[in-house]
Amino acid sequence: MKFRLVVILVLILWNCEDKQTSKQTNTSKQKDTLVENAKEVPKKQRTSEFPLLTNDNAMEFFLKYSKEHKENKVRIITDFGNIDILLYDKTKFHRANFIYLTKRKYFDGTQFYRVVKNFVIQGGSSDGVDLYKKRRKIGKYLLPPDTKRGYTHKRGAISMPSSEIENAYKLASPFQFFIIHRPGGAKYLDKDYTVFGEVISGMDVVDKINAVETDNGDWPLDNVYIRKVEIIK
């Protein structure tokens, strides 16, 4: 009789221990799942909303983006005033790229880092660490030239410089741009660089920026910040 009681007690304790272990195991799995989900969901969202652009997928992406995002006017806000730009529909990849970077707030906080007297002001870069973080999130890609649309490097034209990496095809650096300041324009650039827009308001601001003091490397002695670029109607 005593033996049977001992066996029953052991079975009861064993069963209770199994239930507790089962509960602990389930809780552990739930916690792991929640942690995994917490890591995975934002990653999936980022991937679907903002694909990492490369030379392999950028053109396809901007072809689709240009059809879905028809905006063609932006405002560059600086401490010297505002510059309003009309982006040309015919240069669809360059327009789409500029609109995309504007919506990603890439240009906010960059600078007009190169000022050549009576020639151009060039913007879209800086020596800040945050800028390189932005570029890493957006991707690494170049845009092919689109120079046969009839647009010229007249005064007020906005164009895209070629990559800092030497390339025979004049592939453009998508993160930078320059505005022609010279009264007579610079038509000799037409064959090599893509004009994708023009200043429609604020050439007086371009004049002010072009007048700032620079060093021997055409860098302004005092930083000329692009505080914000926004889409306008």
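Residues are numbered from 1 along each chain as its sequence is written, and side-chain values use heavy atoms, leaving out hydrogens and water. Because the model is predicted, local features need pLDDT of at least 70 and side-chain atom pairs count only at pLDDT 80 or more, while totals for chains, interfaces and linings use all residues.

**Figure 1. Elements of the chain.** The secondary structure consists of five helices and eight strands (DSSP runs numbered from the N terminus: helices are H or I, at least four residues; strands are E, at least two). Read from the N terminus, the order of elements is α-α-β-β-α-β-β-α-β-β-β-α-β. Of the 233 residues in the chain, 39% are buried (buried is under 20% relative accessible area, exposed over 50%, partly exposed in between; 1.4 Å probe, protein chains only). The accessible surface is about 14,300 Å², and carbon and sulfur atoms account for 54% of that area (Shrake-Rupley method with a 1.4 Å probe; for residues, only the protein chains shown count as cover). Among contacts between residues at least 6 apart in sequence, 75% join residues at least 24 apart (contact: heavy atoms within 4.5 Å).

**Figure 2. Confidence and residues 1-47.** The chain has a mean pLDDT of 83, with 76% of its residues at 70 or more (pLDDT is the predictor's confidence in each residue, from 0 to 100). Residues 1-47 have pLDDT below 50, and this stretch makes two contacts in the model beyond near neighbours in sequence.

**Figure 3. The R75–D84 salt bridge.** A salt bridge joins the side chains of R75 and D84, at 2.7 Å from N to O (side-chain nitrogen of Lys or Arg within 4 Å of a carboxyl oxygen of Asp or Glu). By this rule there are eight salt bridges. D84 is buried, at 10% relative accessible area, whereas R75, at 25%, is partly exposed.

**Figure 4. The D89–R95 salt bridge.** The closest N and O atoms of D89 and R95 lie 3.8 Å apart, forming a salt bridge. R95 is buried, with 3% relative accessibility.

**Figure 5. The D207–R155 salt bridge.** Here the side chains of D207 and R155 form a salt bridge with an N to O distance of 3.0 Å. The two residues are 52 residues apart and link distant parts of the chain: D207 belongs to helix α5 (residues 203-210), and R155 to the loop between α4 (129-138) and β5 (157-160). D207 is partly exposed at 29% relative accessibility, and R155 is partly exposed at 30%.
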